[in-house]
Amino acid sequence: MLFRSVTNGEALDERTIQSEMSLINIPPSGFSVEKEIQEIEKGVELFNRIKIVALKLTKPTDWVDQGGSMYLMDRGSENIAIAFGVDISGLEMKMEWVDDPKGRYYAFVASGKAYSRKLGRWVEDIGVCSQRDKFFGMIGGKFKEIEEVDMANIRRKAVTNLYNRLIKRVVGLSGVTVDDLKASGMDVSKIGRVEY
C-alpha cells in the first residue's frame with residue numbers, strides 16, 4: 001500500500017511508514033503522567049536516603065576540602081564500596097603525551113567499570129593523573145622537570161582517581177557538598193583543607 005506525505009505529497013510505502021512510526025514514542029494505553037511523577041519522587045527520596053547512608057560510612061578524616069570542593073579519599077570510598085558490594089572490573093591503563101604552550105608532559109588514563117550488587121547498578125568511567133599534578137608535579141608554584149616526577153606515583157593516582165570516581169558514581173555521591181556532609185551528621189569542622 002502507498003501513502004502520500006502530508007508535507008510534500010511524496011509517495012511513501014508501508015515499510016517506510018512502519019520504520020518511522022517506531023521512532024515515535026507513543027505512551028501505552030493507560031499511561032499516567034501523575035503516576036510517573038510519583039514514581040520519580042519515590043526514586044528521589046530513595047536516592048537521598050542512599051546518599052545519607054553512604055556518607056555516614058565516612059569520617060571527617062576521609063574527606064579533604066580542596067578549595068571548596070569536597071574530595072573523598074580512597075579509605076572512605078573503600079568503606080562505601082564494601083557496604084554497597086561494589087565490584088570493579090575491566091581496568092585498563094594507557095599513557096598519553098600532551099603538548100601545550102608550557103611544553104610536553106605525560107598523563108596516565110585509567111578506565112574501568114563498577115557494579116554495585118546492593119543497588120543493581122553499573123557505571124563506566126576514567127581516572128586521570130598527569131605529570132602536572134599539583135601534589136606530585138609542582139614545587140614552589142612551578143612545574144617540576146619530567147625526571148623529577150615519580151612516574152609510579154602518577155600512575156597510582158590515576159588508578160586511585162578511577163576507583164574513587166567509580167565508587168562515588170555507582171552509589172550516587174558525585175558532587176558532595178559541605179551541606180550534604182552536615183546532613184549526614186558529620187562535624188565538618190574536623191575536615192582537613194588543602195591549599196595549593
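Strand S6 (residues 103-116) and strand S7 run antiparallel and are joined by 10 bridges. Both terms follow DSSP: strands (E, at least two residues) and helices (H or I, at least four) are DSSP runs, numbered from the N terminus, and two strands pair if DSSP finds at least two bridges between them. The structure is a predicted model, in which local features need pLDDT of at least 70 and side-chain atom pairs count only at pLDDT 80 or more, while totals for chains, interfaces and linings use all residues. Residues are numbered from 1 along each chain as its sequence is written, and side-chain values use heavy atoms, with hydrogens and water left out.

Within this pairing, Ala114 stands opposite Val123 in S7. The two strands belong to an open sheet of 3 strands in the order S5-S6-S7, with antiparallel pairing. Its edge strands, each pairing on one side only, are S5 (86-100) and S7 (121-130). From one strand to the next, the twist averages 15 degrees. Helix H4 (residues 151-171) lies across S5, S6 and S7 and runs at about 155 degrees to S7. Axes are lines fitted to C-alpha atoms, for helices over the stretch in contact, and angles run from 0 to 180 degrees between N-to-C directions.

A further open sheet of 3 strands has the order S4-S3-S10, and its pairing is mixed. Here the edge strands are S4 (69-72) and S10 (192-194), each of which pairs on one side only. The twist in this sheet averages 35 degrees from one strand to the next. Strand S3 (residues 63-66) pairs with S4 in the antiparallel sense over 4 bridges. Two residues with bridge partners in S4 are listed below.

| Residue | Bridge partner in S4 |
|---|---|
| Asp65 | Met70 |
| Gln66 | Ser69 |

The hairpin of S3 and S4 has 2 residues between the strands, and Gly67 takes a positive phi near 60 degrees there. Buried means under 20% relative accessible area, exposed over 50%, and partly exposed in between (1.4 Å probe, protein chains only).

Asn79 lies in helix H3 (residues 74-83). Because its relative accessibility is 32%, Asn79 counts as partly exposed. When residues up to four places away in sequence are not counted, Asn79 touches Leu57 and Asp62; contact means heavy atoms within 4.5 Å. Asn79 and Ala54 are 25 residues apart in sequence, and their C-alpha atoms are 8.8 Å apart in space.
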